[in-house]
Amino acid sequence: RLGVARELREGFSAVGANPLLAQLIVAAIVAYAMTGPMQILLPKLAREVLGLSELQRGGYLGLMALALIVGGIAALLLGKHLHHGAAIFVGTAMASLLFASLSHWGSAAVSAAALGSMGLLGGMVISFVIAGIQGQAPEALRGRILGIYSIISQVVPAASGVAAGALVRSTGTTQAIAIAGVGLAGAALLAAWAMPQLRRM
């Protein structure tokens, strides 16, 4: 049986040998980078800016999970009609800008609508990324490459959450949300420019 380190090396080698697969992995990193700021900043936003009660905060934050599920279902329904590469980039950029917009809304209803729209787009983006990785991964190495994806889904949110925590301490909640959202939207646009294979997928 291969050791874990060797399995990961083979997975990374397969990713490096396929430009589209490598770009899908990078797209996953960019998409998951939003998760950390959401986990750190949204509870503070709900409490400090929107003034929600504990029960209301639970509903507000739970809306994201529901919207992600709906986004995944929408990806299944619309997948045949959308250009997946463009949907990944546009969806990531729009979700990031919606996140940034949360810094401006004082109305809980408007903020929840923006949050739900962000989750819907996020669910679609992640679904298209996973489908692309599965489609591009060689069958013999698919498990190892999906293992790399799983590592990304755990490590990137944790790292971006630490960054968001440092940011909010230095700037405040609404400023941190705006900076994080605009920064992630910029990263998505830069990725779209730098990854032509994924643009054409």
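Ala, Val, Leu, Ile, Met, Phe, Trp, Tyr, Cys and Pro count as nonpolar, Asp, Glu, Lys and Arg as charged, and the others, Gly among them, as polar. The model discussed here is predicted.

Q: What makes up the lining of the largest pocket, by class?
A: The lining has 10 nonpolar, six polar and no charged residues. Of the 16 residues that line this pocket, Ala31, Thr35, Leu68, Gly122 and Ile126 lie nearest its centre. Under the definition above, Ala counts as nonpolar and Gly as polar.

Q: Which elements give two or more residues to the lining of the largest pocket, and which gives the largest share?
A: Two or more residues come from each of H2, helix H3 (35–49), helix H4 (54–78), H5 and helix H6 (108–136). The largest share is that of H6, with six residues. The space in this pocket is about 250 Å³.

Q: What makes a space a cavity and not a pocket?
A: In a cavity a 1.4 Å probe fits but cannot get out, whereas a pocket is an open set of points. A search of the whole structure finds one cavity of 30 Å³ or more. The volume of the largest cavity is about 40 Å³.

Q: Which residues line the largest cavity, and how do they divide by class?
A: The lining consists of Ala27, Val30, Ile88, Phe89, Thr92, Ala191 and Met195. Helix H2 (19–32) and helix H5 (84–101) are the elements that give two or more residues to this lining. H5 gives the most, with three residues. By class, six of the lining residues are nonpolar, one is polar and none is charged.

Q: Why is H2 called largely enclosed by the rest of the structure?
A: A residue is buried when its relative accessible area is under 20%. In H2, 10 of the 14 residues are buried, so this helix is largely enclosed by the rest of the structure. Among the buried residues are Ala27 and Val30, which also line the largest cavity.

Q: How do you know that the length of H4 agrees with expectation?
A: The expected span is 1.5 Å times one less than the number of residues. For the 25 residues of H4 this should be 36 Å, and the end C-alpha atoms are 36 Å apart, so the two agree. The buried residues of H4 include Arg57, Tyr60 and Met64, and H3 and H6 are among the elements that cover the buried residues of this helix.

Q: Why is Ser96 called buried?
A: The cut-off is under 20% relative accessible area. Ser96 has a relative accessibility of 1%, and therefore counts as buried. This residue lies in helix H5. Leaving aside neighbours within four places in sequence, Ser96 is in contact with Met34, Gly181, Leu184 and Ala185.

Q: What makes the approach of Ser96 to Thr92 a polar contact?
A: A polar contact requires a pair of N or O atoms within 3.5 Å, one able to donate a hydrogen and the other to accept it. The side chain of Ser96 reaches the backbone oxygen of Thr92 at 2.8 Å, so the pair meets the distance limit of 3.5 Å.

How values were computed. Residues are numbered from 1 along each chain as its sequence is written. This is a predicted model: local features need pLDDT of at least 70, side-chain atom pairs count only at pLDDT 80 or more; totals for chains, interfaces and linings use all residues. Side-chain values use heavy atoms; hydrogens and water are left out. On a 1 Å grid over the protein atoms alone, a cavity is a set of points where a 1.4 Å probe fits but cannot get out, and a pocket is an open set with protein on both sides within 12 Å along at least five of seven lines; lining residues have an atom within 4 Å of a point. Grid points are joined across faces, edges and corners, and a volume is the space filled by probe spheres set on the points. Helices (H or I, at least four residues) and strands (E, at least two) are DSSP runs, numbered from the N terminus. Buried means under 20% relative accessible area, exposed over 50%, partly exposed in between (1.4 Å probe, protein chains only). Contact means heavy atoms within 4.5 Å.
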